Amino acid sequence: MKNLRNALAITFAILASIACQPQVDNLSEVEEHFNEKHRPQFHFTPPSNWMNDPNGMLYHDGEYHLFYQYYPDGNTWGPMHWGHAISKDLVSWEHFPIALFPDEHGTIFSGSAVVDHQNSSGLGTVDNPPLVAIFTYHDADGEKAGKNDFQTQGIAFSLDKGRTWEKYEANPVLPNPEIMDFRDPKVMWHEESSMWVMSLAVKDKISFYTSPNLIDWIYQSDFNPTWAAYGGVWECPDLFPLKTVEGEEKWVLLVSINPGGPNGGSATQYFVGDFDGEVFKSETKAIKWIDNGADNYAGVTWSDIPEEDGRRLFIGWMSNWLYAQEVPTETWRSAMTLPRSLELIKLGNDFNLASRPIAELKKLRNKSMVVSGESINLDSDLLELELASLGDDFEMVFSNDEGDKLLITKLGDEISLDRSQSGLVDFSDQFPALHRIPLFGIDVKDIRVFLDRSSIEIFINDGESVITELIFPKSAYTALSLKGMDSKVKIHHLKSIWGN
């Protein structure tokens with residue numbers, strides 16, 4: 001009887017989620033549906049409605065899974081589900097039915113997923129190890145009633161390569177110790193201690209728990225140094241080891257905060273230090289941001305990337321809570337950043353994260369050319385640009401015939417991005433801003449720019465510093481003017497990922 005109930009529940013979940021997906025019958029309809037004004041063409045977006053944090057990212061059997069916070073009934077934040085998409089190359093994505101629906105324990109907030117290779121949970125077999133999702137239940141009724149234990153941690157598992165998911169019958173696996181903000185579990189296997197480690201956002205700190213089986217969890221320690229950046233709740237932690245090119249290994253902890261970002265609202269800071277399986281200690285007392293723009297938040301990394309690949313792959317939510325629900329889109333709301341490979345670089349005695357655009361993005365190149373001059377015509381709205389600095393201050397201006405202008409300037413040890421005249425800006429008082437990005441002594445040599453219909457991502461020195469920003473030009477930028485830069489620019493026209 002239990003198996004029958006589970007089968008029926010899965011069937012109903014699939015049918016319900018299919019009903020939330022756009023119904024298209026042929027390629028032209030797919031292309032038309034994903035061709036609305038401002039719809040990104042090489043960034044991931046949901047088929048329709050609201051999306052925020054990336055969740056449950058894991059690699060399994062040749063496939064990259066991306067789950068995400070999703071509200072299928074509207075284009076602003078609402079009762080959270082886990083949307084789902086799969087890619088074989090992190091570039092082109094196939095949309096799948098909703099993976100996790102709210103239930104009697106609450107809606108489905110952010111979390112993570114892993115491959116339980118040794119079947120430590122007992123939810124699968126060694127021959128068919130389960131994929132296990134760990135997520136936060138949010139009991140909205142309990143919150144409204146004034147309770148302080150309305151967030152708990154639950155798990156679900158899949159035995160069919162992530163196509164369908166079954167909730168664990170004894171959820172929640174981690175009850176709430178009467179703390180209002182108790183969420184966003186990110187789980188990893190710690191080889192040295194042979195334990196699962198959970199990083200959990202708990203008010204203004206990160207708490208670490210350990211488990212032998214993904215079900216029974218024991219509290220170990222907290223991390224919340226006085227000198228770190230604070231503002232609102234610490235959210236969406238991620239803990240992982242990284243090695244420098246010289247082979248020195250450190251542990252990195254990502255923590256997202258809102259508000260409190262360097263350019264207002266949402267942002268993600270990181271810490272570099274050591275972790276012994278129970279306690280994380282930061283080596284330095286410097287506040288560091290994974291992205292210096294306004295629109296990269298709640299990003300985390302994929303689990304179970306094969307050892308022969310070796311990369312630490314990251315993606316973030318490309319928006320900001322200051323205006324995320326007000327941006328001028330209707331069918332869909334929000335996109336993800338381009339996937340990046342995080343690398344640890346050592347500058348003197350300090351460690352920094354570099355965010356490199358993944359190599360697979362070169363698949364998007366449709367046509368490439370080298371042009372020269374201080375005024376360059378842009379004849380596509382999907383572009384990758386490779387530019388070089390002359391070693392001093394410079395200016396880049398993107399513009400169109402409607403008077404829209406996006407200004408990027410380097411002056412001394414600072415880059416500024418002014419989107420106050422970049423296009424549609426009056427939907428929010430917080431959007432038309434001048435954002436300042438300190439370079440901290442970085443000598444700007446090369447700049448790589450990805451320009452999609454409603455975003456710009458700027459990678460300085462192959463990701464030593466990154467600026468991610470939303471823009472909503474009234475029409476595509478058609479010109480780029482340059483001052484203080486090498487007059488030779490390499491331009492790549494990029495193709496859409498939708499309908500390919």
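User: In β30, which residue is the bridge partner of Leu-383?

Analyst: In this predicted model, the bridge partner of Leu-383 in β30 is Leu-451. The bridge belongs to the antiparallel pairing of strand β25 (residues 383-388) with β30, which runs over six bridges.

User: What makes strand β30 (residues 446-452) largely enclosed by the rest of the structure?

Analyst: The description rests on burial, where a residue must have under 20% relative accessible area. Six of the seven residues of β30 are buried, and therefore the strand is described as largely enclosed by the rest of the structure.

User: Why does Asn-119 count as buried?

Analyst: Its relative accessibility is 16%, and the cut-off for burial is under 20%, so Asn-119 falls on the buried side of that limit. Asn-119 is placed in the loop between β5 and β6 (131-138).

User: What makes the phi of Asn-119 worth a note?

Analyst: Most residues other than glycine have a negative phi. Asn-119, in contrast, has a phi near 55 degrees, which is a positive value in a residue other than glycine. Ser-334 also has a positive value, with phi near 95 degrees, and is found in the loop between β20 and β21.

User: How do you know whether Ser-334 is buried or exposed?

Analyst: The relative accessible area of Ser-334 is 6%; because burial requires a value under 20%, Ser-334 is classed as buried.

User: What is the volume of the largest pocket, and how many residues line it?

Analyst: The volume of the largest pocket is about 1,300 Å³, and 41 residues line it, of which Trp-189, Pro-241, Asp-304, Ile-305 and Arg-312 lie nearest its centre. Among the elements that give two or more residues to this lining are β1 (49-60), β9 (182-190) and β13 (233-243), and β13 gives the most, with six residues. By class, the lining of the largest pocket has 19 nonpolar, nine polar and 13 charged residues.

User: What makes β4 (94-100) and β20 (332-333) edge strands?

Analyst: Each of them pairs on one side only, within an open sheet of five strands in the order β4-β3-β2-β1-β20, whose pairing is mixed. Inside that sheet, β1 pairs with strand β2 (residues 63-71) in the antiparallel sense over seven bridges, and Met-51 has Tyr-70 in β2 as its bridge partner.

User: Which pairing is found in the open sheet of six strands?

Analyst: The pairing there is antiparallel, in the order β24-β33-β26-β27-β28-β29, and the edge strands are β24 (375-377) and β29 (434-438). From one strand to the next, the twist averages 15 degrees. Strand β26 (residues 394-399) and strand β33 (residues 479-483) pair over five bridges, and Glu-395 has Lys-483 as its bridge partner in β33.

User: How do you know that the peptide bond from Asn-258 to Pro-259 is cis?

Analyst: Its omega is near 0 degrees, and Pro-259 is placed in the loop between β14 and β15 (267-275). Another cis peptide bond joins Asn-171 and Pro-172, with omega about 0 degrees, and Pro-172 is placed in the loop between β8 (166-167) and β9.

Conventions: Residues are numbered from 1 along each chain as its sequence is written. This is a predicted model: local features need pLDDT of at least 70, side-chain atom pairs count only at pLDDT 80 or more; totals for chains, interfaces and linings use all residues. Side-chain values use heavy atoms; hydrogens and water are left out. On a 1 Å grid over the protein atoms alone, a cavity is a set of points where a 1.4 Å probe fits but cannot get out, and a pocket is an open set with protein on both sides within 12 Å along at least five of seven lines; lining residues have an atom within 4 Å of a point. Grid points are joined across faces, edges and corners, and a volume is the space filled by probe spheres set on the points. Helices (H or I, at least four residues) and strands (E, at least two) are DSSP runs, numbered from the N terminus. Ala, Val, Leu, Ile, Met, Phe, Trp, Tyr, Cys and Pro count as nonpolar, Asp, Glu, Lys and Arg as charged, and the others, Gly among them, as polar. Two strands pair if DSSP finds at least two bridges between them. Axes are lines fitted to C-alpha atoms, for helices over the stretch in contact, and angles run from 0 to 180 degrees between N-to-C directions. Buried means under 20% relative accessible area, exposed over 50%, partly exposed in between (1.4 Å probe, protein chains only).
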